[in-house]
Amino acid sequence: MVDKSLFKSNKLGFLREVTIHGINDWAFIPAPLPQTWKIPTDILPLLIEAHRELGRLDGVGRHLPSFDLLLKPLQKREALRSSSLEGTYATPEQLLLFELDPREPKSVQDSVNAWKEVANYSAALSLGINLLNEVGISLRLIRELHNTLLDGVRGANRDPGNFRRTQVHIGSASYRRFIPPPPNELMNCLYDLEKSANQGISIDPLIFCFMVHYQFETIHPFLDGNGRVGRLLMSLMIYEYCKLQQPWLYLSAYFDKYKDDYTNNLFKVSTTGDFHDWIVYCLKGTIEQSKDAILRSDRLVALREQYRELLSQTGVPFRLNAIIDQLFKSPVITIPKMAELSDVAYTTAKRDLERLIQAGIVIDSDIQSRSKIYFAPEIIEIVFGEIDTISDS
């Protein structure tokens, strides 16, 4: 059962008795988000630094030859890390291969299920960016994200795109650490959330986005996929509310790295009514992930220039520059794909591919597919590998 004693008198909502599997327990119903929040003195330096690093990241992105040079890699990395938080694992190569050559899983045990689930995250993110101008931060946006996320994968039988109509709980059946609002309270909580997200709030926009993420996860509006939808929504909100050129900031890697702090700080907001530790945690994540993205961008730009210089020295056709740029968006290629991108015959594309192999830009793979697969290992390492942001910042 939920430990009712953990919820103090200043808790940010109220407890409601519910029955789960014939046993009485306590669900938590969060109060609407505050319209104002006085920034504690000790948080202010962190907030200033977080905005500065986020501004640097936006500035770096604005001056790239193409924003996709950084945006697409960041989004693919986010898809992998957010999915791994929920216990779905795929390698970068598996994700890239699936995006290049999608196929349906043949059974529940088929590893393609995990690849498709991660790819769905990327698709949901792209959908969310496109929908923002049409519907804004809204319940419709949230439902659309969820529907795309669970399309044809684990959770597809959990009512994708619809808010739950039954009670759920967090934790095991024998130890329910937290119980979100009961179904009859759910829509009121969601309407309050949508209203808060769209009315004038005199709270710093970055802090407010973190508050909304807390509120969304506490409401837990779906039967499955709440964590992934919540992280998608937060990235979209930071993009929209902080007026970034593109949605550059993704925090799943940080949340994955400090997973216990993530859950504990969220829970503490509910039990004590104090956002302090949750906001500090998220601001530190913003600083760390902004620096991380900037460093990856610098390395990707340098590698792109290195490749272009290498190709120019070997006298290869100019059309290969476009292939290089495509590899930075998705570092996997096949000969048919090269022929399509360059609008050349298969034999010409094959010669071009051999030039890239000789230059050390791509290597062949033993992964079985309908066409032979080639990866760009240096790009994959920069995008998906671990980078020490402290020593390089």
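1. A disulfide is a pair of cysteine sulfur atoms within 2.5 Å. The model discussed here is a predicted one, and a search of the whole structure finds zero disulfides. Take Cys189: the closest cysteine sulfur belongs to Cys209 and is 20 Å from the sulfur of Cys189, which is too far for a bond. Cys189 counts as buried because its relative accessibility is 6%.

2. Cys282 gives a second case. For Cys282, too, the closest cysteine sulfur is in Cys209, here at 10 Å, so the two are too far apart for a bond. Cys282 has a relative accessibility of 0% and therefore counts as buried.

3. Next, the helix α7. This helix covers residues 205-219, 15 residues in total. From the first C-alpha to the last, α7 reaches 21 Å, close to the 21 Å expected at 1.5 Å a residue. Is α7 enclosed or open? Of its 15 residues, 14 are buried, so α7 is largely enclosed by the rest of the structure.

4. After α7 comes His220, which has a positive phi, near 55°. As background, most residues other than glycine have a negative phi.

5. Strands β1 (residues 13-20) and β2 (residues 23-30) pair in the antiparallel sense, over eight bridges. Together β1 and β2 form a hairpin with two residues between them. Ile20 stands opposite Ile23 in β2. In a regular strand, side chains alternate between the two faces of the sheet.

6. The turn of this hairpin contains His21, in the loop between β1 and β2. His21 is not a glycine, yet its phi is positive, about 55°. Is His21 buried or exposed? With 68% relative accessibility, His21 counts as exposed, because the cut-off for that class is over 50%.

7. Asp343 is another residue that is not a glycine but has a positive phi, about 55°. Asp343 is found in the loop between α13 (335-342) and α14 (346-358). Its relative accessible area is 70%, so Asp343 is exposed.

8. Pro65 also sits in a loop, the one between α1 (44-62) and α2 (68-85). At 53% relative accessibility, Pro65 counts as exposed. How far is Pro65 from Ala31? The two residues are 34 apart in sequence and 46 Å apart in space, C-alpha to C-alpha.

9. On aromatic residues: the structure holds 16 aromatic pairs. One aromatic cluster is formed by Tyr254, Phe255, Tyr258, Tyr262, Trp278 and Tyr281. A pair of aromatic rings is described by the distance of the centres and the angle of the planes.

10. Charged side chains also meet aromatic rings. The charged end of Lys4 sits over the ring of Trp26, 3.9 Å from the ring centre. Arg177 lies over the face of Phe267, at 4.5 Å from the centre of that ring.

Conventions
Residues numbered from 1 in each chain as written. Predicted model: local features only at pLDDT ≥ 70, side-chain atom pairs only at ≥ 80, totals over all residues. Heavy atoms only, no water. Helix = DSSP H or I, 4+ residues; strand = E, 2+ residues; numbered from the N terminus. Buried < 20%, exposed > 50% of the residue type's maximum accessible area, 1.4 Å probe, protein only. Pairing = 2+ DSSP bridges. Phe/Tyr/Trp six-rings, centres within 6.5 Å; stacked < 30°, edge-to-face > 60°. Lys NZ or Arg CZ within 6 Å of the ring centre and 35° of its normal. Expected span 1.5 Å × (residues − 1).
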